[in-house]
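Please take a guided tour of the structure below in your viewer. Each stop says what to select and what is there.

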Amino acid sequence: MKKLIERKLPFSKKYSVLDISITGMDTDWSGCDNCGRPIANKAVIMDTEGKQFVIGLDCLKTLFDAQSIEKSSYLKSADEYQDASRVATFVGFAQDAQTNQDWLAVTATKNGKTKECPTVLVKRYAPEFLSAVPA
Ligand SMILES: [Zn+2]
């Protein structure tokens, strides 16, 4: 297993996830409250004292692996983290996107390659991206 690197947010604390927002690379970047690197995809988390932090999905994964993320109403399981991460990869890949006929999946193409992601997931984690996709 990859060694987990503790940065600004201590592993000893517990955090809950309030929101995940995947916007892709064209939007405003901000700095991750954990590692300080610029991030496009953001997770808002809160510690047990109610303090909120905005971190990138990589740092969210690290906190997950360190077992510092509590199950919350927003993110109930590591599976949901996997879903968010899948949408992040998809949105990052997308150059051209369109929904398929039955509206069940979004298809993206880039340099002749195609990827597909269930619409329900894109809607949940990247609503801004989805609203820009032609039907
Ligand atoms: Zn970070």
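**Helix H1 and its cover**

Select H1 to begin: the cover over its buried residues includes E1, E4, strand E5 (52-56), strand E6 (69-70) and H2. Helices (H or I, at least four residues) and strands (E, at least two) are DSSP runs, numbered from the N terminus. A residue is buried if 20 or more other C-beta atoms lie within 10 Å of its own, exposed if 12 or fewer, and partly exposed in between, with C-beta atoms placed from the backbone. In H1 the buried residues are Leu57, Cys59, Leu60, Lys61, Thr62 and Leu63. After H1, click on Gln67, whose phi is positive, near 60 degrees.

The model is predicted: local features need pLDDT of at least 70, side-chain atom pairs count only at pLDDT 80 or more, and totals for chains, interfaces and linings use all residues. Numbering starts from 1 along each chain as its sequence is written.

**The whole chain**

Zoom out. The protein has four helices and nine strands, in the sequence pattern β-β-β-β-β-α-β-α-β-β-β-α-α. Its radius of gyration, 16 Å, is close to the 14 Å that the globule rule gives for 135 residues, so the protein is as compact as a globular protein of that length. That radius is taken over C-alpha atoms, and the rule is 2.2 Å times the number of residues to the power 0.38. Along the principal axes, the C-alpha atoms fill a box of roughly 45 × 30 × 25 Å. Of the 135 residues, 29% are buried.

**Helix H2**

Next, select H2. Its 16 residues should span 22 Å at 1.5 Å a residue, and the end C-alpha atoms are 23 Å apart, which agrees. The expected span is 1.5 Å times one less than the number of residues. Tyr81, Ala84, Val87, Ala88, Phe90 and Val91 are buried in H2. The buried residues of H2 pack against E1, H1, E8, E9, H3 and helix H4 (127-131).

**The core**

Which of its 31 residues touch the most other members? They are Ile22, Ala84, Val87 and Val91. Strand E1 (15-21), strand E4 (42-47), helix H1 (57-65), helix H2 (78-93), strand E8 (105-110) and helix H3 (119-125) each supply at least two residues of this core. H2 gives the largest share, six residues.

Centre on Ile22. Leaving out residues up to four places away in sequence, Ile22 touches Asn41, Ala84, Val87, Ala88, Val91, Tyr125, Ala126 and Phe129. Contact here means C-beta atoms, placed from the backbone, within 7 Å.

**The three-stranded sheet**

Select E7, E8 and E9, which form an open sheet in the order E7-E8-E9 with antiparallel pairing. Strand E7 (96-99) and strand E9 (113-118) are the edge strands, each pairing on one side only. From one strand to the next, the twist averages 20 degrees. H2 packs on this sheet, touching E8 and E9, and its direction makes about 140 degrees with that of E9. Axes are lines fitted to C-alpha atoms, for helices over the stretch in contact, and angles run from 0 to 180 degrees between N-to-C directions.

E8 and E9 pair over six antiparallel bridges; two strands pair if DSSP finds at least two bridges between them. Lys110 stands opposite Lys113 in E9.

**Asp47**

Finish at Asp47, in strand E4. Asp47 counts as partly exposed, with 16 C-beta neighbours inside 10 Å.

Note on methods
A nonpolar core is a set of buried Ala, Val, Leu, Ile, Met, Phe, Trp, Tyr and Cys residues joined through C-beta atoms within 7 Å. Two residues are in contact if their C-beta atoms, placed from the backbone, lie within 7 Å.
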